[in-house]
Amino acid sequence: MIRIKNQEEIEILRENALLVSRTLAEVGKHIAPGVVTMELDKIAETFIRDNGAQPGFLGYGGFPYSLCLSVNDVVVHGFPSDYRLKEGDIISVDCGTLYKGYYGDSAYTFPVGEVSPEVSQLLKVTKESLYRGIEKAVAGNRIGDIGYAIQSYTEGFGYSVVREMVGHGIGRDMHEHPEVPNYGKPGCGKKLIPGMTICIEPMINLGARQIYLHDNGWAVSTIDKAPSAHYELTVAITKEKADVLSTFKFIEEK
């Protein structure tokens with residue numbers, strides 16, 4: 001069942017989304033060669049709690065950390081660890097909050113120092129595909145319109161779209177209906193109606209689209225060890241254009 005939100009609920013979701021956005025920016029300040037990824041997790045948990053919310057991921061479905069930290073070929077759901085970031089790495093930081101009974105969820109892939117031109121382009125294209133998907137997140141369109149916008153753009157650069165991991169609805173639960181794949185056909189799938197709130201999150205691989213699950217039961221990596229990029233924003237569906245609840249401006253403003 002798709003849960004339609006009223007304006008009061010959307011504003012609470014916006015509060016969560018903005019806190020997640022600010023948390024990602026706070027974490028991003030500390031991303032540099034030599035930094036241990038577990039330290040990033042501690043920074044996020046402290047920041048979230050200091051702002052009156054709870055880490056949305058910690059304990060969710062048994063997940064043991066506040067952040068999903070996915071380095072290089074890890075697509076999503078990577079564990080913080082004693083790994084030290086290296087020059088040229090990329091790291092997807094996926095963060096959630098729980099505040100006033102609702103969830104926030106957003107992700108951003110950060111370069112660590114200078115990355116190769118081909119990886120830099122992967123990040124740029126993946127983020128742009130997210131915005132192209134958001135452009136289609138309008139009442140009257142369908143889920144397939146979002147997926148097609150992402151898929152057609154990224155595959156045009158020779159990249160591949162992960163199929164097994166998808167975006168989702170969000171609200172009182174972290175993952176609500178509908179699923180929001182990053183591939184699809186125009187005019188297909190669930191119809192978008194005002195009050196729907198969804199997370200759009202392209203996961204795009206430099207190489208093949210196939211992935212495998214790590215022994216910890218959470219992290220997934222590309223089968224060919226090629227890098228993968230991941231960006232995520234939360235939007236509310238309206239008649240005119242998507243109401244984007246989270247933002248990357250805190251990360252990208254200089």
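Which residue forms a salt bridge with Glu11?

## A pair within helix α1

The partner is Arg14. In this predicted model, the closest N and O atoms of Glu11 and Arg14 are 3.0 Å apart. Both residues lie in helix α1. They sit three residues apart, about one turn of the helix.

Glu11 is partly exposed, at 33% relative accessibility. Arg14 has 19% and counts as buried, because the cut-off for buried is under 20%.

## A pair within helix α2

Helix α2 spans residues 37-50 and holds both Lys42 and Glu39. Their side chains meet in a salt bridge, 3.5 Å from N to O. The spacing is three residues, about one turn of the helix.

Lys42 is partly exposed, with a relative accessible area of 45%. Glu39 is partly exposed too, at 38%. Elsewhere, salt bridges with shared partners join Arg3, Lys5, Asp173 and Glu176 into one network.

Glu176 forms a salt bridge with Arg3. Their closest N and O atoms are 3.2 Å apart.

Glu176 is buried, at 9% relative accessibility. Arg3 is partly exposed, with a relative accessible area of 35%.

## Whole-structure count

Side chains of opposite charge can pair when their charged atoms come close. A search of the whole structure finds 13 salt bridges. Among them are Glu11 with Arg14, Lys42 with Glu39, and Glu176 with Arg3.

Technical notes:
Residues are numbered from 1 along each chain as its sequence is written. This is a predicted model: local features need pLDDT of at least 70, side-chain atom pairs count only at pLDDT 80 or more; totals for chains, interfaces and linings use all residues. Side-chain values use heavy atoms; hydrogens and water are left out. A salt bridge is a side-chain nitrogen of Lys or Arg within 4 Å of a carboxyl oxygen of Asp or Glu. Buried means under 20% relative accessible area, exposed over 50%, partly exposed in between (1.4 Å probe, protein chains only). Helices (H or I, at least four residues) and strands (E, at least two) are DSSP runs, numbered from the N terminus.
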